[in-house]
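Subject: Structure handover and findings

Hello,

My notes follow below it.

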Amino acid sequence: MADNKDRGVNPASGSQDVGRLAAGAAPPKGAVAIQAEPQIVWFDEIGRGDVSRVGGKNASLGEMIVKLSAVGIRVPPGFATTSAVYWHFLAANDLKARIENLLDRLAAGKSTLADTGQAVRSLLLDSDWPDDAVVAITAAYRDLCLRTGKVDVDVAVRSSATAEDLPDASFAGQQETFLNIRGTAALLEACRRCFASLFTDRAITYRQAKGFDHMAVALSIGVQQMVRSDLGGSGVMFSIDTETGFKNAVVIDAAWGLGENVVQGAVDPDEYQVFKPLLGNPVLIPIIGKKLGEKAQKMICVAGSKPTRNVPTSKVERAAFVLQDAEILTLARWGTIIETHYGCPMDMEWARDGETGEMYIVQARPETVQSHRDTMAFKSYAITRKGKQLTAGIAIGDAIVAGRVCLIESARDIAEFVDGAILVTGTTDPDWVPIMKRAAAIITDHGGRTSHAAIVSRELGLPAIVGTGNATHVLHSEQAITVSCAEGDQGFIYDGTAEFDVKMIDVGGLPETRTKIMLNLANPAAAFRWWRIPADGVGLARMEFVVSNHIRIHPMALVRFDQLKDQEAKRRIAELTAAYPDKTEYFVERLSRGLARIAALVHPKPVIVRMSDFKTNEYAGLLGGAEFEPHEENPMIGFRGAARYYSPRYREGFALECRAIARLRNEMGFANVVVMIPFCRSLHEADRVLEVMAENGLRRGEQGLRVFVMCEIPSNVVLAAEFAKRFDGFSIGSNDLTQLTLGVDRDSSELAGLFDEQDAAVKWMISNVIREARRAGAKIGLCGQAPSDHPEFAAFLVECGIDSISVSPDSFIAVKQTVAAAEAAQRKS
């Protein structure tokens, strides 16, 4: 689509010569006012300083066309009616005093919200356009047809209030948008309906809540060439993680057809997450999350009085992602550019034209929830006891709420809502806002992270779980349930009233320490919750958690799928990997993306990823795993760790782990990832593992790759100097080291009293390996619970000169303070 100026069309046409109005002085109906204020302005004539004239939405569209077209961001052309047209419309029909009277009656309690809204809208819908406004709008539409080279060009007609899309008041969804409008008669009717939508019940309620004077807010109308996304796809994009406020992620939702279904939560869209800091390198593909949505329907354009309708999607469409990787990265780069230009996180809508394949930004507004949250103090929730899981969906927020269900399936029944209940429904739209504000939590069958229910829940500070698929079927009114959004990206609904803890975490004013304090993390879905913690990196990222929870299939069952004997396991594996012609790619892709979320959290600080450390009984529990694992009497000291990596039993499975790490570092760009080998019993074993890694693209020292080894076996201490020649660092696993030094089964309740990480023998082991590591110039840290449980143990580690201590996120502050005190005492002594 060519730029307007390239077409040789005067960009002022329709705005300078036709329909000027003096502010505050409406001419007689039917007269053309030749005054200072134009009735029509083109998007390429306006910018974000024109909110009072054209509203936030239109001002932003103009800003992007004027300032960002040169850097490749495409915005469809169009024009806007100014606020003067709105006031002129009211004056020409003598509406202002009548509307004020109706609103005064509402404020005095003499009329209901529903009656007031209906009465005001009727006044606007029954009024006539002043002739000069008709001339101005019609002339501008004809000019747009010329600019686009189309007769009766299809347009989107968008409401843009002058108190809209401000940094602290989004007004998202409060006014109406009308799509696929064609011809002047249909355009004028859509514009009239936009004016009326300034007084929907939800808009009246929202302005009251935000403290805006109803009669001080005007409405501009944006008329924009339609992107034929009904033949392509569309969705919503945020330049910040919508649930945690993590500022380095772009979140994109996508569905087939027009974007209204995504905004309204009428479909379960695809979801993509991209890591912003690596987007500057065109070679990298920093897509850290891809989730396939059901996308059961799509909104398309049709001829007739109703210009759009929903139709079912095909099986092919449901099974396919809407966006290719290159398109995901393009949108993410655009989102980052727009965020940088505006100087704040942004909420954007995008569309892909199915005729041309081109991408467009069709709206951009400031994000108004996460960007305003306190970054130094936050609450952390953890369930300690829970009932049966009833259903699950996408978690909105990070809180836990227990209460009773109030199931409402239709907006007609919202009067039946019980204050303080947990609202359960199929989906919501802006008409539901009055009762959403009275709910303790919200659960919907449909919708994604950028749906109406999700956006409003965030703004209200309510936990919500959207896109469950079946909540209205498995839950019933008055049922006691617990809504948990504190377990990562996925939210869970549990039967009954669960027990949970709430902690206030304040990371402000923490002391500096020489000893690095790092995090132990396992769950990629929950990683972004901890971005506010000023950790020095991740000291232990547990690969096996990603395998067991996000992959669930034994890697050898993918390598040798055709040889599987367990037919049920084979059927389930086929279902999970249906989209992957090469079944091993399922493992590599999901593992690399899961670990990427952890690597992104602290980038560019180091993230030490421990290669899989399942025991044989745990591996056997994975899908298809029983056929590949031996039965062992004592798996704790059996076929685990390094011994597996070069064994014919698992070598091909380890190759998949190496492929995932290579992709994570080299293709996605997370060069901050350090590889760590667990349970390495001997120097010979170390050499064999390093050889196998090199054969699979992970050669120590190449492209900055560092390889650490767990120090959890006495031989690692005894031969520390030799291990230090083969590895770049050590991580002390205090649990296994204690177990093997004292000969105590750490899982034995009978021997629990003998399991002591502060035993003199264990401390001797630790102090000696720290000394040897420092002598060899190798890094050394400890990942275990002891520093959290025993402050004196943390002080002992500081005294020994350990480089880092890695702890769980909820222990970080206490350990940081303990270490700071120990270092201060050491300096004084």
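Asp-152 sits in the loop between helix H5 (131-148) and strand S5 (155-161). Helices (H or I, at least four residues) and strands (E, at least two) are DSSP runs, numbered from the N terminus. Asp-152 is not a glycine, yet its phi is positive, at about 50 degrees. Asp-152 is partly exposed, with a relative accessible area of 25%. Here buried means under 20% relative accessible area, exposed over 50%, and partly exposed in between (1.4 Å probe, protein chains only).

Some ground rules. This is a predicted model, where local features need pLDDT of at least 70, side-chain atom pairs count only at pLDDT 80 or more, and totals for chains, interfaces and linings use all residues. Residues are numbered from 1 along each chain as its sequence is written, and side-chain values use heavy atoms, with hydrogens and water left out.

Most residues other than glycine have a negative phi, and most peptide bonds are trans. Glu-478 also goes against that, with a positive phi of about 75 degrees although it is not a glycine. Glu-478 belongs to the loop between helix H13 (471-474) and strand S22 (480-484). Its relative accessibility is 62%, so Glu-478 counts as exposed.

There is a cis peptide bond too. It joins His-603 and Pro-604, with omega about 5 degrees. Pro-604 lies in the loop between H17 and strand S27 (607-610).

Which residues of helix H7 (residues 201-210) are buried? They are Arg-202, Ala-203, Ile-204, Thr-205, Tyr-206 and Arg-207. These buried residues pack against helix H3 (96-107), helix H4 (113-125), helix H6 (184-197), helix H11 (433-436) and helix H12 (452-460). Contact means heavy atoms within 4.5 Å. Just after H7, Gly-211 has a positive phi of about 80 degrees.

Gly-117 lies in helix H4. Gly-117 is buried, at 0% relative accessible area. Leaving aside residues up to four places away in sequence, Gly-117 touches Phe-199, Asp-201 and Ile-204. Ile-204 is also one of the buried residues of H7. From Gly-117 to Asp-94 is 23 residues in sequence and 18 Å in space, C-alpha to C-alpha.

**Helix packing**

Axes are lines fitted to C-alpha atoms, for helices over the stretch in contact, and angles run from 0 to 180 degrees between N-to-C directions. Angles under 35 degrees count as roughly parallel, over 145 as roughly antiparallel, 65 to 115 as roughly perpendicular and the rest as oblique. A crossing is left-handed if the near helix is turned anticlockwise from the far one by less than a right angle, and right-handed if clockwise.

H4 and H6: the angle is about 155 degrees and the axes are 8 Å apart. The two are therefore roughly antiparallel. Their crossing is right-handed. Arg-121, Leu-124 and Leu-125 in H4 meet Arg-192, Arg-193, Phe-195 and Ala-196 in H6. That contact has four nonpolar, no polar and three charged residues. For these classes, Ala, Val, Leu, Ile, Met, Phe, Trp, Tyr, Cys and Pro count as nonpolar, Asp, Glu, Lys and Arg as charged, and the others, Gly among them, as polar.

H17 and H20: the axes of helix H17 (residues 583-602) and H20 come within 8 Å and cross at roughly 50 degrees. H17 and H20 are therefore oblique. The crossing is right-handed. The contact of H17 with H20 divides into nine nonpolar, two polar and five charged residues.

H20 and H21: helix H20 (residues 651-667) and helix H21 (residues 683-695) pack at about 60 degrees, with axes 9 Å apart. This pair is therefore oblique as well. H20 passes H21 in a right-handed crossing. Arg-651, Phe-654 and Cys-658 in H20 meet Val-692, Met-693 and Glu-695 in H21.

**Cysteines**

How many disulfides does a search of the whole structure find? Zero, where a disulfide is a pair of cysteine sulfur atoms within 2.5 Å. For Cys-406, the nearest cysteine sulfur is that of Cys-485, 19 Å away. Cys-406 is buried, with a relative accessible area of 6%. The sulfur of Cys-680 is 11 Å from the closest cysteine sulfur, in Cys-711, too far for a bond. Cys-680 is buried, at 0% relative accessibility.

Best regards
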